[in-house]
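Here is a short report on one structure. Look over the sequence and the model before reading on.

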Amino acid sequence: MDSEDNTLDALLADIARLINQYPIAIERQAGFIHATGKDPELAEKLMKAADTMRDSGNLYLTWAKHYASMAKGNTDATSDEDETDDFDI
């Protein structure tokens, strides 16, 4: 069981890292588009999309942690952890 627990923890860490990096990459691309003056509307949409992805990523990660905790035998469905720090919210 420890091996599976370690696998879940490692996967959660990977998911958290990728979910955190994704909106940052979108923001960088929006900044590039804005800086080059190509399409200001697209740059604005991408900035909003980054915020949306950050919020939905936080929700996804919260559920992933919840299910990982259940898989480890923790039947307490509530969590006192503040997940907002994961995405600098």
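What covers the buried residues of α1? The cover includes α2 (residues 40–71), where contact means heavy atoms within 4.5 Å. Helices here are DSSP runs (H or I, at least four residues), numbered from the N terminus.

This is a predicted model: local features need pLDDT of at least 70, side-chain atom pairs count only at pLDDT 80 or more, and totals for chains, interfaces and linings use all residues. Residues are numbered from 1 along each chain as its sequence is written, and side-chain values use heavy atoms, with hydrogens and water left out.

Helix α1 covers residues 2–36. After α1 comes G37, with a positive phi near 70°.

The buried residues of α1 are D5, L12, I19, P23, I26, A30 and I33. Buried means under 20% relative accessible area, exposed over 50%, and partly exposed in between (1.4 Å probe, protein chains only). An α-helix has 3.6 residues a turn, so residues three or four places apart point the same way.

| Residue | Relative accessible area | Class |
|---|---|---|
| L59 | 53% | exposed |
| M47 | 38% | partly exposed |

M47 lies in helix α2. Not counting residues up to four places away in sequence, M47 touches E27 and A30. M47 and E27 are 20 residues apart in sequence, yet 5.7 Å apart in space, C-alpha to C-alpha.

L59 also sits in helix α2.

Notes: Helix = DSSP H or I, 4+ residues; strand = E, 2+ residues; numbered from the N terminus. Expected span 1.5 Å × (residues − 1).
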